[in-house]
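Hi,

Here's the structure I promised to pass on.

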Amino acid sequence: MVPKKARVLVIDDDTDVLFAMRMLLKTEVQEVVTEKNPELLLSLLSKQRFDVIFLDMNYKSTLGSGNEGLYWLGRIREKDPTATVIMITAHGEVSTAVRSLKAGATDFVVKPWHNAQLLETLTAALEQLPAGGKAAPAPRRPASFAEFDLLGQSEAMQEVFHKIEKVAPTEANVLLLGENGTGKELVAKALHQRSFRAAKPFVTADLAAMSEGIFESELFGHKKGSFTDAREDRAGRFEAASGGTLFLDEIGNISLAQQAKLLTALQNRQVIPLGSNQPVPVDIRLISATNAPLYELAARSAFRKDLIYRLNTVEITLPPLRTRADDVLLLARHFAGLYAARNRKPAPTFEEATLLKLRHHSWPGNVRELQHAVERAVIMAEGDVLRPQDFHFSAMETAGPEAGSQWQLPEGPLQLQEVEKTTILRVIERHNGNITKAAKELGITRTALYRRLEKHDL
Ligand SMILES: Nc1ncnc2c1ncn2[C@@H]1O[C@H](COP(=O)(O)OP(=O)(O)OP(=O)(O)O)[C@@H](O)[C@H]1O
């Protein structure tokens with residue numbers, strides 16, 4: 001549906017917001033109705049059909065919990081499960097807004113909004129409506145982050161992309177969780193590049209690489225002479241990131257003493273360089289990442305809960321690669337093209353058996369491991385077809401965190417034929433191609449194994 005034909009309802013108890021919305025929308029849509037009192041919402045909906053409802057998250061006059069928007073969203077959806085609702089939310093409420101998406105809201109806009117962005121959100125919501133105007137159950141727009149080299153077609157990654165899209169243009173602190181090599185740094189960069197701070201610096205601090213001795217000077221800066229090697233004044237990463245984004249990587253690795261210092265800086269929004277008593281105000285958007293089980297550490301008092309609350313306004317968990325087999329193939333093809341071009345080779349294709357082998361490897365090093373495995377294979381392969389033997393997984397790589405007892409089923413429908421084929425490949429691989437040993441482990445004769453290899457075209 002096009003905006004010009006749309007009927008829009010705006011519910012907010014702030015009359016300035018209602019006025020601004022009316023001014024903005026009156027030339028863009030067919031009709032704008034504004035209402036200050038959410039109690040009148042349901043009766044309004046009984047009288048008239050709206051294509052889109054903008055619903056404020058907070059109402060001073062009613063429940064006062066900060067979650068009133070969620071309550072009213074629930075009431076709207078009880079009345080009309082297909083209603084298209086866009087939440088209006090303040091900066092500090094982004095995590096509640098994310099919850100509202102799970103509760104059925106189509107989207108949200110953050111106050112104060114950029115007019116162009118609000119209209120974009122409205123148009124996108126209307127595009128999901130059929131021409132007649134009645135909402136279909138909102139299909140989620142597949143997001144593409146190819147511009148940041150961030151690929152993924154699995155549902156889990158689509159969910160991640162959706163969160164990035166929503167959270168990037170806000171000031172919310174974001175905590176990225178996930179195993180090594182799952183793409184946390186790429187996501188941090190995408191969040192920055194899609195934020196209002198994109199023109200300002202993106203500064204990374206790898207906390208795992210900072211010993212107790214240099215932590216403060218690296219993060220908060222130092223004055224000349226404050227320690228033996230301090231030959232001149234130097235700004236720390238916080239100051240360097242001012243106006244932009246600070247990415248604290250491996251946040252789970254720091255000591256309790258370092259956590260306390262970090263918390264103080266975040267709470268006060270200022271840092272005190274070593275050797276100085278002059279606080280320096282800093283304006284940063286914080287993104288942190290860890291592969292450590294932060295909540296377990298907190299339960300054992302090894303990580304401060306109050307620091308977690310500072311970091312995790314929004315949390316994004318990057319799924320391990322072994323749980324998204326479809327992405328393995330997508331990424332493998334992407335990296336194959338990339339490394340072939342880089343090495344001036346023709347783009348290779350993959351044998352079916354190779355794809356199977358890749359699909360069922362446990363990828364303990366996640367995307368980083370896949371990337372290196374494909375690079376190695378592209379360089380070492382004889383022709384331009386990548387065969388199973390072009391991929392060698394060391395015992396360490398094979399014994400990933402989920403290998404063995406916790407081997408996970410691949411995504412998508414499973415066929416017994418495919419499981420058999422994969423098992424055969426894995427066992428042959430385990431025995432370095434020795435058919436006698438493989439047959440013994442599989443509990444069949446050599447001839448029976450050959451027959452099966454033939455059947456599966458291996
Ligand atoms: N979804 C993805 N699409 C394309 N490339 C990816 C994706 N995820 C990760 N990569 C690539 O994998 C490698 C590792 O990614 P990245 O450094 O972002 O992971 P990480 O989770 O931050 O790892 P670590 O915890 O070890 O620091 C990078 O080269 C990155 O480009």
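I started with Asp 56, which is buried, as 22 other C-beta atoms lie within 10 Å (buried means 20 or more such atoms within 10 Å of the residue's own C-beta, which is placed from the backbone). Bear in mind that this is a predicted model: local features need pLDDT of at least 70, side-chain atom pairs count only at pLDDT 80 or more, and totals for chains, interfaces and linings use all residues. Numbering runs from 1 along each chain as its sequence is written.

Asp 56 sits in strand 3 (residues 52-56); strands are DSSP E runs of at least two residues and helices are H or I runs of at least four, numbered from the N terminus. UniProt, in an unreviewed entry, lists Asp 56 as "modified residue: 4-aspartylphosphate", though such annotations may be inferred rather than shown by experiment. Beyond its neighbours within four places in sequence, Asp 56 is in contact (C-beta atoms, placed from the backbone, within 7 Å) with Ile 11, Asp 12, Asp 13, Gly 69 and Ile 88.

Now the ligand. Its shell holds 18 residues, with Asn 180, Gly 183, Lys 184, Glu 185 and Val 367 the closest (a residue counts if its C-beta, placed from the backbone, lies within 6 Å). Helix 7 (184-193) and helix 15 (366-380) are the elements that give two or more residues to this shell. Domain 2 (148-317) and domain 3 (322-455) both contribute to the shell, so the ligand lies between them; the domain bounds come from an automatic or database assignment.

In helix 7, the buried residues include Lys 184, Val 187 and Leu 191.

Cheers

Terms used
A residue is buried if 20 or more other C-beta atoms lie within 10 Å of its own, exposed if 12 or fewer, and partly exposed in between; C-beta atoms are placed from the backbone. Two residues are in contact if their C-beta atoms, placed from the backbone, lie within 7 Å.
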